[in-house]
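Try each task before reading its solution.

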Amino acid sequence: MAQHYYASQGIKFDITQVIGLTNDDEVSREYRPLKQIIERLNRTFKGSYRTTCGFNSSDGSIAFVTLFTACFNFLRTHSTLNNKVPVEIPELQVLETMPARWCKLVEMAQDYCISQQAIA
């Protein structure tokens, strides 16, 4: 479904299916680690989404996905990355507490939005 959506936006990519639980073929041996990363992301998202009991509007679900993505990519450490975040932002790394990092990330996002408005 994602491939169809992105194709409608002019973004093309190939899909490689990894079938089953064992590495019986060359494709499975090569791509299994990536499949496991994607499945873990899906479980993490599903686990945090369940506790919200859904949303009354699409705005709520969009806000949740945005915040989840920000946390997952910029704030949350990952054991597979030696307890580092996927995207390191130096301004966040110097802060010691998670609330301080969240505040700085929101501030940086707001500054970016304001700078984009000035360009337009």
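**Exercise 1. Work out how many helices and strands the chain has, and in what order its elements run.**

Step 1: apply the assignment rule, in which helices (H or I, at least four residues) and strands (E, at least two) are DSSP runs, numbered from the N terminus. Step 2: count them, which gives 5 helices and 0 strands. Step 3: read from the N terminus on, and the order is α-α-α-α-α.

Before going further, note that this is a predicted model, where local features need pLDDT of at least 70 and side-chain atom pairs count only at pLDDT 80 or more, while totals for chains, interfaces and linings use all residues. Residues are numbered from 1 along each chain as its sequence is written, and side-chain values use heavy atoms, with hydrogens and water left out.

**Exercise 2. Compare the radius of gyration of the chain with that of a compact globule of 120 residues.**

Step 1: take the radius over C-alpha atoms, and for the globule use 2.2 Å times the number of residues to the power 0.38. Step 2: the rule gives a value near 14 Å, but the chain has 18 Å. Step 3: look at the spans of the C-alpha trace along its principal axes, about 50 × 35 × 35 Å.

**Exercise 3. Examine phi and exposure at Asn82 and Asn83.**

Step 1: start from the background that most residues other than glycine have a negative phi. Step 2: Asn82 has a positive phi near 55°, and Asn83, also not a glycine, has a positive phi of about 55°. Step 3: locate them. Asn82 sits in the loop between helix H3 (58-75) and helix H4 (90-93), and Asn83 is in the loop between H3 and H4. Step 4: are they buried or exposed? Asn82 counts as exposed because its relative accessibility is 66%; Asn83, at 54%, counts as exposed too.

Note on methods: Buried means under 20% relative accessible area, exposed over 50%, partly exposed in between (1.4 Å probe, protein chains only).
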